[in-house]
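Hello,

Here is the structure for you to look at. My notes follow below it.

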Amino acid sequence: MVKTTLIMYSHTSCSDLWDMFCGQVEKYLSVERKVVFTDETDWSRDGWDVITYDDSWSFPGKVSRCLDQVDTETCMFHLEDMPLYNTPDESKLSLLEDSVRTTAIDYVKLIRGIDPLTPTWIPGVYRIPMDSPYLFAIQPSIWKTKRLKELFDRCLVDFDGNTARGFEPFAQKPAKDMSLFGTFTYDNEPQVGLGHFDSVVYPYVATAINAGKWNTSGYRKELDILFNEYNIDPSIRGEV
């Protein structure tokens, strides 16, 4: 078991992804607590705690207020369109969680993006440079809960959008102002597309939805398996 809180941030407009995301977590991963942040109050899935937000709040307001109810020192933050497609390395995840909780590291992103390989003292973990355009990224990551909340708090005044759209580029300056110690995992996995690599530590679809449609051009094999397992008709959303 990984001693952390796994968070799925979502909205009822994406409820067609919930069974897939939650089912994959339940099949492949054991964590101390599983939580969903959503505007939905009628949640009937066992094993998940529901923390609701007011849909009129800004995106950072939603996340910040929900994080007030997460009492573990660390958390794993996701959106609902980032499902696992294979078994993660729980022993490595536990090591990473311990490193975030007990050292200066603020977070470990569980995938490599475009950043160069700057080693840390932990094998397979690399530092994200302060001048990176993605010092903060909405990808599955193990965070110090207080630092994640602080980042969203710093965005409360000036970011008024009520979805995640546009939040990543906006959050770069607050992330730099905080001098975030960001890291990522990489173990010579192959590159996928232009912007990221596969992850053996946490094999997930990055991401399943692109512009509101299923990203089958990027993850055809993985998504076809998930469509079949969770009785999803991709024609309803469409595919790109």
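First, a term: a polar contact is a pair of N or O atoms within 3.5 Å; within protein, one must be able to donate a hydrogen and the other to accept it, and residues adjacent in sequence count only if both atoms are side-chain atoms.

This is a predicted model: local features need pLDDT of at least 70, side-chain atom pairs need 80 or more, and totals for chains, interfaces and linings use all residues. Numbering starts from 1 along each chain as its sequence is written, and side-chain values use heavy atoms, without hydrogens and water.

Start with Thr-183. The side chain of Thr-183 reaches the backbone oxygen of Tyr-107 at 2.8 Å. Thr-183 counts as buried because its relative accessibility is 0% (buried means under 20% relative accessible area, with a 1.4 Å probe and protein chains only). Beyond its neighbours within four places in sequence, Thr-183 is in contact with residues including Ile-105, Val-125 and Ile-128 (contact means heavy atoms within 4.5 Å).

Now the pockets. A pocket is an open set of points on a 1 Å grid over the protein atoms alone, where a 1.4 Å probe fits, with protein on both sides within 12 Å along at least five of seven lines; lining residues have an atom within 4 Å of a point. A volume is the space filled by probe spheres set on the points, which are joined across faces, edges and corners.

The largest pocket has a volume of about 850 Å³. It has 33 lining residues, and Leu-79, Glu-80, Asp-81, Ala-164 and Arg-165 are the closest to its centre.

The second largest pocket holds about 230 Å³. Its lining has 13 residues; among those nearest its centre are Tyr-134 and His-196.

Best wishes

Technical notes. Buried < 20%, exposed > 50% of the residue type's maximum accessible area, 1.4 Å probe, protein only.
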